[in-house]
Amino acid sequence: MNTTHEVFNQPEPLVDVNLFDGNRPMQDALKFNAPALVTTHLSALGQQVGSAEMQQHARLANVFTPQLKSHSRFGHRIDQVEFHPSYHALMTAATASGLHGTPFSDAEQASGTAHVNRAAAFMLFTELEPSILCPISMTYAVTPALKDNPAIYADWAPQLTSRAYDPALRLWKDKPGVTMGMGMTEKQGGSDVRANTTQAVPDGSDAWGPRFTVTGHKWFFSAPMCDAFLILAQTPSGLSCLFLPRVLPDGSLNQLFIQRLKDKLGNKANASAEVEFAGATAWLVGEEGRGVPQILAMGTMTRLDCALGTSALMRHALSLALNHTSQRSAFGKKLIEQPLMQNVLADLALESEAATALALRLARSFDRAATDEHERVMQRLLTPVAKFWICKRGSHFAQEAMECLGGNGYVEEGGEGIMARIYREMPVNSIWEGAGNIMALDLLRALRKADAAAALAHELAPAKGMHPALDQLAASLPTRVELMATEIEARRLAQDVALAVQAALLAQTAPPAVFAAFCDSRLDGHWGHSFGSLGAGTDFATIIARAQPR
Ligand SMILES: Cc1cc2nc3c(=O)[nH]c(=O)nc-3n(C[C@H](O)[C@H](O)[C@H](O)COP(=O)(O)OP(=O)(O)OC[C@H]3O[C@@H](n4cnc5c(N)ncnc54)[C@H](O)[C@@H]3O)c2cc1C
């Protein structure tokens, strides 16, 4: 009860909206990347994840964060993590939507659009809650690497691809579904995993192939309640990729001990642990001594998810900003009618749409790389490009979207309680799975390969002649790569490749107003260093109307 004043000019929250039906940029990007895809199920998912009920689960899973239960009350080590029921409700929904290993099921593979389809669903779910998607993403990503131990893959594939979620710590064959994680980072080095000291000593062989006893640690080990992990450890032949289940085939617990959970800036609903292996049992995956390229098959897919995830967080932050400014008034007008606010919102809308276009374009390459040479090269090039640039833009984007909500945006319960969560979540996609510099250096290596320049030119060709600044940038890229003697400008190069590809995609998927404003600002030098710096000739109304979430 307010006895002192009337409450007014506070917006209605953005709840019970269909996140797919309201997302024009995503729909257009899907038509471009997977024209045959029927999207009815995405609309149903958009309704589910936009519902007040699911938003309540997301809130609770972030308020009541995971707790480590290292011992039972009788002093036995149990190494379990306890989650709020809402965490499990979200995991159940994500798994039922096929966001983890399902795209690798035979039925999904036959569709030819499994990865684009899953990418769109993953983005919609991210708008609901991104941090629980960490184990979902790792379970999605593990298959290409795990297949190189065919015996383990044959045993685990049914549970990896099923749409069932079972959080119990028990033997994989007694569960309807499983999740998997990855352990690379150690205290002394994460980017340079060659510094790993964890030792794996040969211990014979069985139906799953060469077996090892593992002793050492991992400094970051997310989702430790997963059923199994791919880890890196030093065998006599060098750094190797190993499969380490939490419960061994005889039903006993593996020697994996959770030391503590990280107290993180964001990503609160997800548990990230420090662990030790004290004689744990693990099996070789791939070739001994070739662990880094082996586990990178998994890393490549999680990098796709970083780009998809950040694009979705941008979209969510933009929707909240549009929702707020459409309802709140200041100085006699709705905020959205104030010219300078229009500039900020339109600029954010361009960034969000460009991120969506690039992330879904990258997802398409995962559907086609095995059969199409151009797509194979684009997968190699665009993975570091999208991971670098989209994730790098995320935090800046979130700050600006937050500011559109004024003080409410900065308060945990204000801005519908979600904007602060988005802001805290943003940096992680840029750091994990290869931080910004690592991605820029990776792109440089990829661009120096013989087939890269021609493939990039082919990718940009459909937009040739449509904007002079894009033509100029596209023409300059091969020479810049050729002349780049050192890595010192690798970030600038990654940025410019990203902008060129984003512009070329917008030429094909977005209305002319969006394409023109993107090129005029990002490519033509008519842009400042903060959002809200578009030129006066921009078609603000069209850009903002297209971005509206309702
Ligand atoms: C919430 C969270 C969860 C995580 N979960 C997991 C997990 O489940 N499994 C796992 O294995 N890891 C996990 N990580 C670890 C993450 O992948 C690493 O933190 C990341 O790869 C960076 O490694 P590092 O922390 O050792 O930093 P460093 O490798 O020390 O890097 C520090 C900085 O130096 C830069 N840098 C490194 N080398 C170069 C170079 N040659 N030139 C220029 N710059 C360079 C990097 O870009 C980075 O900015 C997680 C991290 C976080 C934050």
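Modeller: Welcome! One definition first: a residue is buried under 20% relative accessible area, exposed over 50%, and partly exposed in between, using a 1.4 Å probe and the protein chains only. With that cut-off, Cys404 is buried, at 4% relative accessibility.

Biologist: Thanks! What should I know about the model itself?

Modeller: This is a predicted model, so local features need pLDDT of at least 70 and side-chain atom pairs count only at pLDDT 80 or more, while totals for chains, interfaces and linings use all residues. Residues are numbered from 1 along each chain as its sequence is written, and side-chain values use heavy atoms, with hydrogens and water left out.

Biologist: How many disulfides are there?

Modeller: The general idea is that a disulfide is a covalent bond between the sulfur atoms of two cysteines. The rule here asks for a pair of cysteine sulfur atoms within 2.5 Å. The count by this rule is zero. For Cys391, the nearest cysteine sulfur belongs to Cys306 and is 5.2 Å away, and Cys391 is in no disulfide.

Biologist: Is Cys391 buried or exposed?

Modeller: Cys391 is buried, because its relative accessible area is 1%.

Biologist: Now the ligand. Which residues come nearest to it?

Modeller: A residue is near a molecule if one of its heavy atoms lies within 4 Å of it. There are 20 residues around the ligand, and the nearest are Met184, Thr185, Gly190, Ser191 and Ser222.

Biologist: How do I read the polar contacts?

Modeller: A polar contact is a pair of N or O atoms within 3.5 Å; within protein, one must be able to donate a hydrogen and the other to accept it, and residues adjacent in sequence count only if both atoms are side-chain atoms. A ligand nitrogen is 2.7 Å from an N or O atom in the Thr185 side chain, and a ligand nitrogen is 3.0 Å from a polar backbone atom of Met182. A ligand oxygen is 2.6 Å from an N or O atom in the side chain of Ser191. The protein covers 66% of the 970 Å² of accessible area that the ligand has on its own; such areas come from the Shrake-Rupley method with a 1.4 Å probe.

Biologist: Which elements give two or more residues to the shell around the ligand?

Modeller: They are strand 3 (180-183), strand 5 (209-222), helix 14 (419-431) and helix 15 (436-447). Helices (H or I, at least four residues) and strands (E, at least two) are DSSP runs, numbered from the N terminus.

Biologist: Where is Glu375 found, and what does its side chain contact?

Modeller: Glu375 is in helix 12 and is buried, at 2% relative accessibility. The Glu375 side chain makes a polar contact of 3.2 Å with the side chain of Arg364. Arg393 is also in helix 12 (373-404) and is buried, at 10%. Arg393 and Thr310 are 83 residues apart in sequence, with C-alpha atoms 8.7 Å apart in space.
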